[in-house]
Number of protein chains: 2
Amino acid sequence: MAMVVDSLRLYERLAATVRGQIETRTFRPGDRLPSVRELSRSSGVSVSTVLDAYRLLEDQGLIRPRPQSGYYVRATFSPRAAEPSRSAPLAMTVDFDRSELQEAMLRAMGREDVVQLGFALPDPDLLPHERLARLTSRVAREHPEASYGYGPVSGHRALREQIAQRTFVAGAAVSPDEMVITSGCQEALSLALQSAVPRGGVVAVESPCHAGILQAIYQSGLRSLEIATSTRDGICIEALEEAALNGIAAGDPILGCVVSPNFQNPLGFLMSDADKQRLVDLSRRYGMTLIEDDIYGDLGYEVERPRVLRSFEGGEDVLLCSSFSKTLAPGYRIGWCIAGRRHADLRRLKYGLNVSAPSLPQLVIAEFLSNGGYDQYLRRARKAYAASVHRMGDAIARVFPAGTRMTQPQGSFVLWVELPSGADATRLYGEALSRGILLAPGRLFSAQDGYGSCVRLTASQWSSKVDEAVTALGKMLRG
Amino acid sequence: MAMVVDSLRLYERLAATVRGQIETRTFRPGDRLPSVRELSRSSGVSVSTVLDAYRLLEDQGLIRPRPQSGYYVRATFSPRAAEPSRSAPLAMTVDFDRSELQEAMLRAMGREDVVQLGFALPDPDLLPHERLARLTSRVAREHPEASYGYGPVSGHRALREQIAQRTFVAGAAVSPDEMVITSGCQEALSLALQSAVPRGGVVAVESPCHAGILQAIYQSGLRSLEIATSTRDGICIEALEEAALNGIAAGDPILGCVVSPNFQNPLGFLMSDADKQRLVDLSRRYGMTLIEDDIYGDLGYEVERPRVLRSFEGGEDVLLCSSFSKTLAPGYRIGWCIAGRRHADLRRLKYGLNVSAPSLPQLVIAEFLSNGGYDQYLRRARKAYAASVHRMGDAIARVFPAGTRMTQPQGSFVLWVELPSGADATRLYGEALSRGILLAPGRLFSAQDGYGSCVRLTASQWSSKVDEAVTALGKMLRG
């Protein structure tokens, strides 16, 4: 291995070499770097020098260690595409209706001739739908009661046990008895909000955030308050604290807070453990119930399974919502809410809303999870999504106009892109749609009028068609 | 055939003979009587005398003609068991919480050692679950997108088409495009209420009515107003009009009204077409949106398919809610709301609540319905439920204390029983449960404190076990 010889110390020189390998994409984001022993041998330096070099690169945010596994290249983009700046704090809102836009997008989703970068759909080719179909045949035959009986209100225990096991891996020891199976994460969020926040109450949210969260708040008769959020670190805890204090002073306190610390949609950030603990502490100090949307929690590029808020000290009252829609089967509509002491409330709300979740998909997923292979599949999916997101990032950096900024997601499969000043994202959305490309304009991610120059692009699949679509978007923007 | 000879006219004597055959249960409710020609021949009277006799029995409410089919024995009970009286008008209510009772009932439902007369569950042996399981295997294999994709927000068109066809048979020509597939009838009612009545508004309901309706009203942030209802004719239209006028006078008008004209749960009545038209007229006059719960509409004993409110003049704005939970597969959680001009609203609410209904059960039911055989199955089910309800009615009349009253349902598979004055239904519920019999106490069917001496018993199945349970209940009541 050729070494750059200059005034730097030995480990700094080695680090520069490795950085060069990363910059030239010899090692791409998500790739494992040579082991410490291998690099020591190949570069002729001591093991401790290699360790120093890797630690330097880690401090620089370029690589990341994984216990018992080695060092991996972190998600980064070319310096040309800077990250969007932190969003500004925004005003309270009581209404959110983007139904016209959503209807138009839904119509486009159904069209075969449209390149689908608009909805956060997982890659069908990755999802284990064939195995699920085979399991469905067997479970339908073996469990006639899944058809002729009403299932348990909280959901089938076999599935709840599997979910509790997986939640344990995310750091939280929970019981299957404090959980309710729902029709997807969206319903889990609705029920969590209704159980935790009295009608008319204020709920803080990250800004930007997934439209579904704003809809759930509005449809539950609540008000949303959008909080400044960093594209890299998550919700700004200082801004949240300030808003909490303002609310108390005004006699209209923030009663709930919906956050997605793990690979938020649309920003893709992963909150640090320290910030997660601060968030939990803050929620307790000001009497805000935290509702965590963890739907992308299993889809981190480098971290196998980040911790959920419930696993932090004082986090027992966090309502944890998620689903299998991004990882197994969107069409099954199976999600859950781990509700802790609010379990009876949530169960009552679920019963009153639609009695219980359908039985068959629950039993099929429980079978799939208990038979193993899910983690292996997730590893493959994580790697694939990291690769396709990075390819789209590269393409955007190449073809979008100068001044474009975009996120550096740590997980999930979407990119948040801020167009150069003056560019109108809603107009781009319209023009793109007329040319057979569906994207999500920024105004879908806020109940305010913000994000007019932002778009979210789904990058769950990379193909020449997607490549061409991104190139076409670049051309539209260059006018 | 032996004839009773007395001072009566010939046709009256013939009618008395036939009545005797019905009273001795030679011909049981639901049975077809001899054709006019057969009886003319067998009794040696003219065809017109037989027609006169049959018409007399029809006027007496004992038999019923079916076009192109003949005369059938109507649902009647022994004179000993009178019907409960009309319920009294009750006050407005903003809250309804029977969760403790419901939780206890749900726990009991899961126990194998409990005779289940408490929930309105269809008979598993009647439901076509084996055929549905076979279809499930095929559909899962042929439609991988049912797993990997999000289904349409309004539901799959194949199913909506089948439902529109069936609604046409119920008298209303509707388009598949004005319908949203939901997670059961309960969710359909919730969404219908939310789309039709602004938060805080007043909704009139039949009293008693299904607990789910009261829960849906309360969880949607609305208030309920219970209206006097006849066990035989349905909601008292005069009482509803009076309540509507009072509401307008008080500046707090009734904005919605949930009714089940076809075989209401728990009373089992079938409203006459004349009353249905009056109800539609009244709703238009006072600006109340009608929401029809038609979940038992296909389960009439004598009427193959009664008309839905939408089919009456001026009924275009009635929101029609139903599901397959009583007729095909409770565990599938598939229902619908035909929303007419409110369709876009309902779609938006469904999307915000839980995106869409799961795909696979929709496609399976669509396949089942389009392959025929559903009507044949329904005929069998209707006959079976009529028989088991009548057997339970007979048993109650035999073993319950004198003074017991009960409904004479025209469809569905439940009986509403009013215990003799002084009897405490909640106490009976507790005592029965401790002896392994689950029933539904009357307080579940009102947000007021009424119906303390009423119970609903499910009679979807008749067996020696159920027979023994009813006998045991009678003993408990006799002390």
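I began with P266(B), which is found in the loop between strand 9 (254-259) and helix 11 (273-285) of chain B. This is a predicted model, so I note that before reading on. The peptide bond that joins N265(B) to P266(B) is cis, with omega about 15 degrees.

I then went to chain A. S207(A) and P208(A) are also joined by a cis peptide bond, and there omega is about 0 degrees. I placed P208(A) in the loop that runs between strand 6 (202-207) and helix 9 (211-219) of chain A.

I looked at phi next. R333(A) is not a glycine, yet its phi is positive, about 55 degrees. I found R333(A) in the loop between strand 11 (319-323) and strand 12 (335-338) of chain A. I flagged these cases because most peptide bonds are trans and most residues other than glycine have a negative phi.

**Relation of the two chains**

How is chain B laid on chain A? I get a turn of 180 degrees, a shift of 0.0 Å along the axis and an RMSD of 0.2 Å. The two copies are thus related as by a two-fold rotation axis. Which residue of chain B comes closest to that axis? It is S137(B), with its C-alpha at 2.1 Å.

**The interface**

I counted contacts across the pair. On chain B, 54 residues touch chain A, and 54 residues of chain A touch chain B. Of the interface residues of chain B, 100% are also interface residues in chain A, so the copies meet through the same surface.

I looked up the buried area. It comes to about 4700 Å² between chain B and chain A, and carbon and sulfur atoms give 58% of it. Three residues head the list on the chain B side: Y148(B), Y150(B) and Q219(B) supply 16% of the area that chain B buries against chain A, more than any other three residues.

I turned to the polar side. I find 25 residue pairs in polar contact between chain B and chain A, counting pairs with both residues at pLDDT 80 or more. Which parts of chain B supply at least two residues each to the side that touches chain A? Helix 4 (99-109), helix 5 (129-142), helix 6 (145-148), helix 8 (184-196), helix 9 (211-219), helix 12 (343-354) and helix 13 (359-370) do. I sorted that side of chain B by class and got 25 nonpolar, 20 polar and 9 charged residues.

**Salt bridges**

How many salt bridges are there between chain B and chain A? The count is 2. I looked at one of them: the side chains of R347(A) and E103(B) meet with N to O at 2.6 Å.

Over all chains, I count 50 salt bridges. I picked out a pair within chain A. D345(A) forms a salt bridge with R348(A), and their closest N and O atoms are 3.6 Å apart. Both D345(A) and R348(A) lie in helix 12 (residues 343-354) of chain A, 3 residues apart, or about one turn of the helix.

**The five-stranded sheet, chain A**

I traced an open sheet of 5 strands in chain A. The order is 4-15-16-14-13, and the pairing is mixed. Which strands stand at the edges? Strand 4 (115-117) and strand 13 (405-406) of chain A do; each has a single partner strand, so one side of each is left without a neighbour in the sheet.

I checked one pair inside the sheet. Strand 15 (residues 437-441) and strand 16 (residues 454-458) of chain A run in the antiparallel sense and pair over 2 bridges. P441(A) stands opposite V455(A), which is in strand 16 of chain A.

**The five-stranded sheet, chain B**

I repeated the trace in chain B. I read an open sheet of 5 strands in the order 4-15-16-14-13, with mixed pairing. At its edges stand strand 4 (115-117) and strand 13 (405-406) of chain B, each with a single partner strand, so one side of each has no neighbour in the sheet.

Strand 15 (residues 437-441) and strand 16 (residues 454-458) of chain B are antiparallel, over 2 bridges. For P441(B), the bridge partner in strand 16 of chain B is V455(B).

Definitions and conventions: Residues numbered from 1 in each chain as written. Chains lettered and ligands numbered in written order. Predicted model: local features only at pLDDT ≥ 70, side-chain atom pairs only at ≥ 80, totals over all residues. Heavy atoms only, no water. Least-squares fit on C-alpha atoms with pLDDT ≥ 70 in both. Contact = heavy atoms within 4.5 Å. Buried area = accessible area lost by both parts, 1.4 Å probe. Salt bridge = Lys/Arg side-chain N within 4 Å of Asp/Glu carboxyl O. Polar contact = N/O pair within 3.5 Å; in protein donor to acceptor, adjacent residues only side chain to side chain. Helix = DSSP H or I, 4+ residues; strand = E, 2+ residues; numbered from the N terminus. Nonpolar A, V, L, I, M, F, W, Y, C, P; charged D, E, K, R; others polar. Pairing = 2+ DSSP bridges.
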